[in-house]
Amino acid sequence: MNTSLHHDEGAHAQGARPLIQTRAVTKDYPGVRALDGVDFELRPGEVHVLFGENGAGKSTLISILAGANQPSSGTILVRGEETHLGSVHEARELGISAVFQEFSLIPQMTVAENLFLGAEHARYGFLDNKRLRREAETILDELGFHIAPDQTVDHLTRAEQQMVEIAKAFRDELSVLILDEPTASLTNHETDQLFKLIGELTARGVGIVYITHRMAEIRRIGDRITVLRDGRYIDTVDAKTTSEDELVRLMTGRMVGAIFPKISFSPGEEVLRVDRLTTPDDAVRDVSLTVRAGEIVGFAGLVGSGKSETMQACFGARPASAGTVTYKGQPIGGSSPGANIRRGFLYLPADRRTEGLMMMRSVRENMSLAALDAKQVRNGPFLSRAGEVAMVSELADRLNLSPNRIERAVDHFSGGNQQKAMLARSLTRDFDLIVFDEPTVGVDVGTRASIYEFIAGLAGQGVAVVLISSDLPEILHMSNRAYVFYRGAVQAELPASELTEENVLSHFFEREAA
Amino acid sequence: MADSATTTAPRRSASDMLKRLFVRLGILPFLLVIAIVVFTLMSDNFLTGRNLMNVLRQSVYLMIVSLGQMLALLTGGFDLSVGTILAISSVVGAMTMASVYAMAPDMVWLAILLGCLGGVTAGTLIGVVNGVGVAFFNVSPFMMSLGMASVGFGIALYLTGGVPVYGMPVAFGDVFGFGTLLGIPAPVWVAAGLVVALYVFLYQTPYGRYFYAVGGNLKAASLSGINTKATLFFTYVLCAAFAAIAGMLLTARLDTGEANIGASMPLESIAACVIAGVSLRGGVGRLENVVLGALFIGLVQNGMNLARIESYLQTVVLGALLILAVIADQIRLRYVASLKD
């Protein structure tokens, strides 16, 4: 029902020339092919949703459309003409603007100065501040944003900053607007306002490329959905008629069943008990949960829902303001990560580059990092180099590190192998509780399968595992039980029997829309 | 290594070999070779055993300071107060020694012991303050050590009134300044001892690894159970202790306590480290290279002296070398990405 949509359907777009189009666009990064021959087109007046898992290539595609990145091969057509988008500036002159998740605002400058950054009005070589301010006001009014042009940006809320970022796109004549998860930090009211604006824009013939993970939004504003997976184009479907199941199938592929191992759980005694945990910044509010030996407990929820923050607070990497954390019957609130690691409790962070690995150091040093005070790498007060090499070599073999060179800097491995170097830490000593935070982000399918195998193996040996993931199939297939987080609190606890996609999704999406 | 070498061997040219050598060893060996060749051509006295021993003796002070500076650089910071620490330890050490000696002229060794202890303690205290600021109050190492450089220099001048401190026992200078053992000067023995001790500490104990981990990725280190605050604190304490020891050795050589020594130390010690391949971003650098880096700077200074290059111009050369080393490091990083191991 959906493959025929490519060229003919869509009342408002009948016969219209695409605003922007890519043909067989490929983007290679060292060791990774982020995009592989992707075709994409955006018609005037449509909201075209890009859909896919983390690392599917959505971000790379929009950065190419916005001129921030250049494809390794393939062509880009703007209004039917082959165009080279050499920079964000060039794209902007053609009416293509993007609002990325990472804001490009300068916090110390005012709203007006930010709006016209790089395109300041000048008279006789001097800044024309009056005109700048006047035009900024016009743009903000037209968009219905209640923000004073003279405010400095760092005094604005995140939602207001987002509005400034969007307003920047309106500086020039706009024909293509790219929005990367724009509602992630907006309240319901602000979201409504944004959708109204999107409606007005599409009525004017502006095309919108929209990235979101939220099904409700796709239903509400989407016209067509292009699904990407592992950097490849999968399909383009109608947003109004395609079922969620179908979308998830397209997103994850048929391999879903094959990449997950069969796990039979035999939960033992309770290892971790969290009681009414709250953090001072309200990222975690009143969370209570338990984790038992030999089970994998999934933590699902959107980014910023508190699923990672909860375990960081338990581990001592983030302060807690109230509540108790009990590990094997012993209160561990307020202990440092070091103390927890010695007790047998390890947290492996989501972002391996910024929090997990020393990129310029060797695999050996990275793997052994959490075990430098453990017996097998020690020789009295000294390090046992031989013991360390033996331990790391064994782990590298076991995890199929490729290439198997433990002295090479981590930076020079592919994403999947970098992940292995970090995950290997969980085997460097006897842990009883291991928290994997997004263990498969930016990892290819083959490595993902071996990571799942690895996690299942740990649970099989009686380790208590917490699997924090934004990837729904991962939670569904890997865990014995799951907690769904929403805005810092546990929204639901789902036992194995109720662990279905609909159940989890209903706690992700529906209450949010209500 | 082995298989990549065989696959590329047929097409490998001399320039490729040079490139690999550069990536592996950094800029320092090339600079050393160039310096030795140039200065040998410029002066007959350069490449003699006597002169080289001279170079070694002259560069030990910088070498010891560079050992500490390396720790600060490894953790992603640096210490601009090393010069001041030299001055403070020199002044306090000399004053303590002189007054103990004046009170008890018979107990020469007690005076020397207490003087050294006092000097090293005073210098190390500057590092304690640096460490507290950087580790516990998140002050940037730049501001912290720059501020302490001013504080320390002021204290040193205030204590002495700007006048050199005399009155230390003669034995102090005779032994630690001019003494030799087996034909090798005493300061060289001290430096060698410190190098060996630091080598063992850095590469044979887990604590040494922590410095690399903190500089390599602070968050990763913290999540791996390393006490990053304590590591940062001890970085600056150790750095100051090394500088203070250098200060006492220099005091012995000069036979006076001076508030004006060490002004060039911050630049020279950072230069020695950077030329030796210690990354300003933290996490990368080897001790043995830093030792060579300090020797290289001593060699260049000595060579320029022999070649009768004016001392004002010598500072120009030193600054230029530092910048050259940083540029070379950037180029090397680019090559590293293409060569990998």
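Q: Starting in chain A: what is the bridge partner of A:Arg273 in S16(A)?
A: In S16(A), A:Thr326 is the bridge partner of A:Arg273. This is a predicted model, where local features need pLDDT of at least 70 and side-chain atom pairs count only at pLDDT 80 or more, while totals for chains, interfaces and linings use all residues. Residues are numbered from 1 along each chain as its sequence is written, and chains are lettered from A and ligands numbered from 1 in the order in which they are written.

Q: In which sense do S13 and S16 of chain A pair, and over how many bridges?
A: Strand S13 (270-278) and strand S16 (322-327) of chain A are antiparallel, with five bridges. Strands (E, at least two residues) and helices (H or I, at least four) are DSSP runs numbered from the N terminus. Two strands pair if DSSP finds at least two bridges between them.

Q: What sheet is that in?
A: An open sheet of four strands in chain A, ordered S14-S13-S16-S17 with antiparallel pairing. Its edges are S14 (287-292) and S17 (330-331) of chain A, each pairing on one side only.

Q: Which helix packs on the sheet?
A: Helix H10 (307-315) of chain A, which touches S13, S14 and S16 of chain A. Touching means a contact: C-beta atoms, placed from the backbone, within 7 Å. The direction of H10 of chain A makes about 110 degrees with that of S13(A). Axes are lines fitted to C-alpha atoms, for helices over the stretch in contact, and angles run from 0 to 180 degrees between N-to-C directions.

Q: And the six-strand sheet, what is its order?
A: S18-S21-S22-S15-S23-S24 of chain A, open, with mixed pairing. S18 (345-348) and S24 (489-495) of chain A are the edge strands. From one strand to the next, the twist averages 15 degrees.

Q: How do S15 and S23 of chain A pair?
A: Parallel, over four bridges, between S15 (296-300) and S23 (481-486) of chain A. A:Ala300 has A:Val484 as its bridge partner in S23(A).

Q: What domains does chain A have?
A: Domain 1 (3-254) and domain 2 (257-344 + 430-513). Such bounds come from an automatic or database domain assignment. The centres of domain 1 and domain 2 of chain A, over C-alpha atoms, are 33 Å apart.

Q: Switching to the interface: how many residues does each chain put in?
A: Chain A gives 26 residues and chain B gives 20 residues. On the chain B side, H10 (206-216) and H11 (218-223) each supply at least two. H10(B) has the largest share, five residues.

Q: Last one: what is the helix content of residues 312-331 of chain B?
A: 100% helix and 0% strand, with end C-alpha atoms 30 Å apart.

Definitions and conventions. Two residues are in contact if their C-beta atoms, placed from the backbone, lie within 7 Å.
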